[in-house]
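Colleague: I am new to this structure and would like to learn how to read its features. Please show it first.

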Amino acid sequence: MSRPNVLLIITDQHRPDHLGFGGNPIVQTPTLDALAARSMQFTNAFVANPLCQPNRCSMLTMRYPSVHGTRHNGIALDWDANTFVRRLRSSGYRTGLVGKGHFQNFELFPEIARRQFDFSHDEQARLTGLPGTDGWDRYESIAGHLAEDIVFPDDYYGFDHVEIVSNHGDQCTGNYVGWLREKGHDWHDVAGLDNAEWTLPEWDQVRKPSMPPELYPTTYVAERSVDWIESRAGDDGPWFLQCSFPDPHHPFTPPGDYAHMYDPADVEVPRTFNDPHTRSAAHIQRIVGGRGNITSSPDLQAPDEHQLRHAMAFEYGAITMIDDAVTNVLDALERSGQADDTIVIFTSDHGDMFGDHGLLLKMFVHYDGVLRVPFTITGPGIGAGTTDSLCNTLDLGETVLDLCGVDSYYGSQGLSLTPILDDPTVELRRELLIEEDQIRDGIRAGVQPRMRTLLTTEARITRYQNLDYHDLYDLENDSDELENRWDDPSSAGLRTEMVERLAEMMIACANPSYRPNYIA
């Protein structure tokens with residue numbers, strides 16, 4: 001059999017239980033449900049890091065953020081980093097990226113960067129050892145032009161065709177801006193908060209944009225992906241396409257009828273919404289103590305029930321729009337006669353608290369809601385089924401390489417999941433390491449925050465650098481993570497075991513590069 005094509009569909013900040021096949025009784029996702037029904041579904045798929053840029057770079061490199069260097073948003077991935085897409089490309093695959101990449105820093109606006117990094121070029125040079133003008137001027141120039149005219153290298157981390165969408169919701173930029181202009185619309189006249197048709201009065205992250213669905217970024221990603229797939233129909237060799245939607249990440253801005261498709265009164269508030277947090281980490285208690293006082297910050301928030309219901313209803317609208325867009329992409333596979341030769345993978349880069357434990361968004365917590373992601377694989381020779389075997393972001397690339405008959409490279413920390421595709425009961429991992437480094441000290445640690453988590457099917461431990469409190473949950477008896485047992489004397493044995501396993505896992509996952517070539 002000839003080598004298969006690969007279509008990787010990624011959504012952004014998307015929980016698996018906000019999908020029909022993930023058990024949600026309200027949100028309508030018929031196309032993704034049908035895709036999952038003919039796929040191997042991984043119900044215990046987790047991230048290496050619950051933030052966009054670090055985890056997307058881990059997906060690409062098959063390495064932990066502490067190893068590839070993009071430890072938090074705002075650190076561009078090393079241009080020379082090896083990636084599974086580069087391995088595909090060097091083996092004869094045509095490779096494309098349409099939508100959100102988030103491997104570089106033109107994903108944000110310069111004014112946001114200035115707020116996050118409030119220091120001069122000279123200070124930057126002192127702190128980083130880099131020339132003070134290197135990077136920032138380029139960054140501001142790119143963002144100032146909405147990244148629409150950026151020229152990508154022939155090998156963009158392995159992609160030979162790139163059409164970027166930066167940012168999220170109705171404020172997306174990148175090549176999408178030029179597409180809008182081709183359709184006769186200026187970005188400044190249709191995008192962002194200033195052009196919103198309706199906004200939730202107490203939280204501007206929930207709004208209906210004035211742009212119609214046919215101009216929305218989700219439509220752009222689908223339309224350009226369809227064109228790329230159809231243009232490959234006559235190729236002799238195989239291809240890989242990453243079709244990457246920037247939704248349903250906040251702001252929650254579904255256009256047209258999608259905005260009011262779901263009634264906030266009908267959505268189901270999570271059963272842990274009223275978690276009292278009596279033994280939760282201090283920073284979580286502080287956030288929950290300010291319930292209802294939410295802002296436009298991307299940080300973890302504590303909405304009241306009214307705010308949560310509206311956010312969830314609008315997010316559901318964005319998800320259904322993605323489902324409709326995926327319909328068009330999969331139809332292009334069928335129409336072009338390539339469906340039988342194509343592996344289709346669906347996943348997301350991380351989750352969102354979305355009401356679990358009374359919280360919304362992400363950062364500074366490692367509850368299940370931000371760690372677990374949807375993950376399905378189907379294609380030639382892959383049977384349908386469900387597995388609860390542990391896997392994480394690092395494993396996606398290794399699995400693609402294995403299925404495509406392409407060798408991996410030294411330094412990859414992922415595992416091929418093909419044994420599980422053959423037998424869903426196979427267990428490749430007993431535990432997972434999850435990292436998180438942050439820019440701002442949102443937990444009042446007195447240092448740049450770092451969190452490390454060890455996750456098993458039985459328990460979770462999360463340690464915060466420079467703090468005297470941590471998380472320990474007995475998942476066998478407390479699957480909802482309601483009782484932090486860190487200081488519970490009866491859980492001392494579990495605590496000791498998990499601390500030791502976390503230490504062992506951190507040693508095992510330290511940087512394996514470079515490989516020695518001589519005994520010196």
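**Backbone and packing**

Modeller: Pro 251 is found in the loop between β9 and α11; helices (H or I, at least four residues) and strands (E, at least two) are DSSP runs, numbered from the N terminus. This is a predicted model, where local features need pLDDT of at least 70, side-chain atom pairs count only at pLDDT 80 or more, and totals for chains, interfaces and linings use all residues. Residues are numbered from 1 along each chain as its sequence is written, and side-chain values use heavy atoms, with hydrogens and water left out.

Colleague: What is the peptide bond from His 250 to Pro 251, cis or trans?

Modeller: Most peptide bonds are trans, and most residues other than glycine have a negative phi. The bond from His 250 to Pro 251 is cis, with omega near 0°. Another cis bond joins Asp 247 and Pro 248, with omega about 5°, and Pro 248 lies in the loop between β9 (239-244) and α11 (282-289).

Colleague: What is phi of His 277?

Modeller: Phi of His 277 is near 55°, a positive value in a residue other than glycine. His 277 is buried at 2% relative accessibility (buried means under 20% relative accessible area, exposed over 50%, partly exposed in between, with a 1.4 Å probe and protein chains only).

Colleague: At what angle do α1 and α12 pack?

Modeller: Two packed helices are described by the angle between their axes and the distance between the axes. Helix α1 (residues 30-37) and helix α12 (residues 305-335) pack at about 55°, with axes 7 Å apart; axes are lines fitted to C-alpha atoms, for helices over the stretch in contact, and angles run from 0 to 180 degrees between N-to-C directions.
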